[in-house]
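Subject: Two-chain model, handover and notes

Hello,

Here is the structure you asked about, with the sequence alongside.

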Amino acid sequence: MGSAIKPSGRRPVGRGLEEQGRGPRYEDRVTTENAFTRPAARGPRPPLAVSGIHDAGRRRALGALAAGVCLLITRPAIATPDELVVALRETFGDRKIQPGRVRFELPRLAENGNIVPALVSVDSPMTEQDYVRAIHIFSEKNPLPRILEMRLGPHNGRAAVSARIRMATTQQVLAVAEMSDGTLWSAAVDIDVTVSSCT
Amino acid sequence: MSRIGPARVRVPEQAKRGDIVEIRTMVEHPNESGFRHDNMGRPIPRHIVTSFNCTYNGKEVFSAVLHPAVSTNPYMTFHLRAVETGDLVFTWKDDQGGVTTATQKLTVV
């Protein structure tokens, strides 16, 4: 029944031309007249908001913006914006941060960026010889890259901590564990944030 | 306003020697990040808990440095190996000089 209804009251655009063996041309479908193509006889052109020079400047700015967006889209999966890199270097120096040994549990989707439960556990025996010295949580896109740092020792018995943190936006969050032998292990988690914490 | 609210700590009353117990802590605090604005568009000044530590019979067993990205009413959990009966003392400090402490006894059997 539904498929039998034909559009009524509206002239099928270009249909007549197609039946004559010619497809609809662009000009037949789209009105090409606008403020720039309007004949002068119809009246003076409306004043333009920007002059040609400014327009060029705006075009350049838009081009730069587009380039920036492309850069964002094509950047590598593990993103490390400058502030995060600086914070990591200040905290750990030139030591290598390796992926692994850290289990970082964060909700895949945070409906409220103000309260995001985060759970970090580290694969470590927690003995006097081999233990986790510290656990750090870093953010990629919060206003400040540092979130929390917790100092542990062999007396903790188990390297598992949790906290509630804030997320400004959809981003990647990094948990780094500093071992007693000085090595650094990490886990990165993607999180989608519906409501930002910074409003 | 600048006072740190009461703290809530959950420690098991009893534990066997050598057991690993989970300790849950929370302190009431606005933890204002300093990045928010009020209805008039004025920035709300930062007021956050900056440090937390826990001692077990006088020895520090856990500490944390908190940044503005920690939620209101900072909540943290960690683990501890029960070694001997003793007091766990929890201390929170904020960036306006506010301090609050909580004490819980852990009995080791």
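What share of the 109 residues in chain B is buried? The figure is 31%. Please keep in mind throughout that this is a predicted model.

To stay with chain B for a moment: it has 8 strands and 0 helices, so to speak a plain run of β-β-β-β-β-β-β-β along the sequence. The C-alpha trace of chain B spans about 60 × 20 × 20 Å along its principal axes. If one takes the contacts in chain B between residues at least 6 apart in sequence, 58% of them join residues at least 24 apart.

Confidence in chain A

The mean pLDDT of chain A is 76, and 59% of its residues score at least 70. Within chain A, strand β7 (residues 160-165) has the highest confidence, at 96, and helix α1 (residues 15-19) the lowest, at a mean of 48. The pLDDT is below 50 over residues 14-19 of chain A, a stretch with 8 contacts in the model beyond near neighbours in sequence. Residues 48-53 of chain A also stay under 50 in pLDDT, and for these the model has 2 contacts beyond four places in sequence.

Where the chains meet

Chain A puts 27 residues into the contact and chain B puts in 23. On the side of chain A that touches chain B, β6 (146-151) and β7 of chain A are the elements that give two or more residues. By residue class, that side of chain A divides into 6 charged, 9 polar and 12 nonpolar.

β7(A) also pairs with strand β6 (residues 75-81) of chain B, in the antiparallel sense and over 2 bridges. Opposite Thr77(B) in β6(B) stands Ser162(A).

The core

The largest nonpolar core has 59 residues. Those that touch the most other members are Val120(A), Ile135(A), Ile137(A), Leu148(A), Ile165(A) and Ala175(A). Strand β8 (residues 171-179) of chain A supplies the largest share of this core, 5 residues.

Which residues is Leu148(A) in contact with, leaving aside its neighbours within four places in sequence? In chain A they are Ile137(A), Ala163(A) and Ile165(A). In chain B they are Ala64(B), Leu66(B), His67(B) and Val70(B). Leu148(A) therefore has contacts in both chains, given that a contact here is a pair of C-beta atoms within 7 Å.

Regards

Note on methods:
Residues numbered from 1 in each chain as written. Chains lettered and ligands numbered in written order. Predicted model: local features only at pLDDT ≥ 70, side-chain atom pairs only at ≥ 80, totals over all residues. pLDDT = per-residue confidence, 0-100. Helix = DSSP H or I, 4+ residues; strand = E, 2+ residues; numbered from the N terminus. Buried ≥ 20, exposed ≤ 12 C-beta atoms within 10 Å, placed from the backbone. Nonpolar A, V, L, I, M, F, W, Y, C, P; charged D, E, K, R; others polar. Pairing = 2+ DSSP bridges. Core = buried A, V, L, I, M, F, W, Y, C linked by C-beta atoms within 7 Å.
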